[in-house]
Amino acid sequence: MKQQNTLLQAAGFASVWRESALNESALSIVDRSLDFRLRQHEPYPALVVDRRWNVLRENEASRRLTRFLNGVPDTPSDSASPVNLADVFLAPHGLRPLISNWSEVARAFVQVVQSDALMDGSKETAALLARLLRYPDVTTLADMPRLREPREPILTIEIVKDSVSLKLFTVITTLGTPQDITAQEIRIESFFPGDPETAQWLERTSQKDEPRR
């Protein structure tokens, strides 16, 4: 949609697709549905991100995990400088020291951003990709072919902090038949436990935050 608007404007025509802010009345039904999805995913983490992986909002489980990891700021959804999930996973000062299979995770993430950059052709996504490729070791990983067959059907993110070992995989959801650029570019990233121990930890952590009766 955004590319179509750009081409139309370059040819002297008016844009045909609108781009509304998520908090505008035009997207109120989308706004409410996102909040509903985030709440329903408890006690597992879930985030709403834009096309360039900026975190727009998150559920309480995501905030709890963030506080535990203590390496990513707990940024409110209305922050002027949102957390970028790609930076969180690839930057040396992000979660990299805690991810035991960082090479696999980083390779997969940067390849997704490369695909995004090819598809949308925007300067913003190209700038994000260039920034990620400047991080140590990322360029080498992005160009490295897979040398062995994957052990599992999906890639889990393996996080180790202190005596806690967590395994998480993600499901990415997009809105069907969007009629607005913002709606088209929104993604819901839902994290699921990759083993029973992670599920138990997430459930136990959520119970600690529940008010006493």
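Biologist: What makes Asn84 and Phe109 contacts of Trp53, leaving aside its neighbours within four places in sequence?

Modeller: Contact means heavy atoms within 4.5 Å. With those sequence neighbours left out, Trp53 has such contacts with Val83, Asn84, Leu85, Ala86, Phe109, Val112, Val113, Asp116, Leu128, Ile172, Arg187 and Glu189. A word on the source: this is a predicted model, where local features need pLDDT of at least 70 and side-chain atom pairs count only at pLDDT 80 or more, while totals for chains, interfaces and linings use all residues. Residues are numbered from 1 along each chain as its sequence is written, and side-chain values use heavy atoms, with hydrogens and water left out.

Biologist: Good to know! What makes a set of residues a nonpolar core, and which members touch the most others in the largest one?

Modeller: A nonpolar core is a set of buried Ala, Val, Leu, Ile, Met, Phe, Trp, Tyr and Cys residues joined through side-chain atoms within 4.5 Å. Buried means under 20% relative accessible area, exposed over 50%, and partly exposed in between, with a 1.4 Å probe and protein chains only. The largest core has 37 residues, and Trp53, Phe89, Leu90 and Ile99 touch the most other members. Two or more residues each come from E1, H3, H4 (85-90), H5 (102-120), H6 (123-133), E3, E4 and H9 (196-209). H5 gives the largest share, seven residues. There is also a second, separate core of ten residues, including Leu22, Leu38, Ile186 and Ile188.

Biologist: Which residues stand opposite Leu168?

Modeller: Ile157 stands opposite Leu168 of E4, and in E5 the bridge partner of Leu168 is Pro193. Phe169 has Phe192 of E5 as a bridge partner.

Biologist: Why are E2 and E3 said to stand at the edges of the sheet?

Modeller: The open sheet has five strands in the order E2-E1-E5-E4-E3, with antiparallel pairing. E2 (55-58) and E3 each have a single partner strand, so one side of each lacks a neighbour in the sheet. Neighbouring strands are turned by 30° against each other on average, direction ignored.

Biologist: Why are H5 and H6 called roughly antiparallel?

Modeller: Axes are lines fitted to C-alpha atoms, for helices over the stretch in contact, and angles run from 0 to 180 degrees between N-to-C directions. H5 and H6 pack at about 155°, with axes 9 Å apart. Angles under 35 degrees count as roughly parallel, over 145 as roughly antiparallel, 65 to 115 as roughly perpendicular and the rest as oblique. H5 and H6 are therefore roughly antiparallel. Among the residues that meet are Val110, Val113 and Ala117 in H5 and Leu128, Leu129 and Leu132 in H6.

Biologist: Why is H3 described as largely enclosed?

Modeller: Seven of the ten residues of H3 (residues 60-69) are buried, so the rest of the structure largely encloses this helix. The buried ones are Ala61, Ser62, Arg63, Arg64, Leu65, Thr66 and Leu69. Asn70 follows H3 and has a positive phi, near 55°. For the protein chain of 213 residues, the buried share is 44%.

Biologist: Why does Thr139 count as partly exposed?

Modeller: Thr139 has 38% relative accessibility, and therefore counts as partly exposed. Thr139 sits in H7 (residues 138-143), and its C-alpha is 9.0 Å from that of Arg107, 32 residues apart along the chain. Ala126 is likewise partly exposed, at 40% relative accessible area. Ala126 belongs to H6.

Methods:
Pairing = 2+ DSSP bridges. Helix = DSSP H or I, 4+ residues; strand = E, 2+ residues; numbered from the N terminus.
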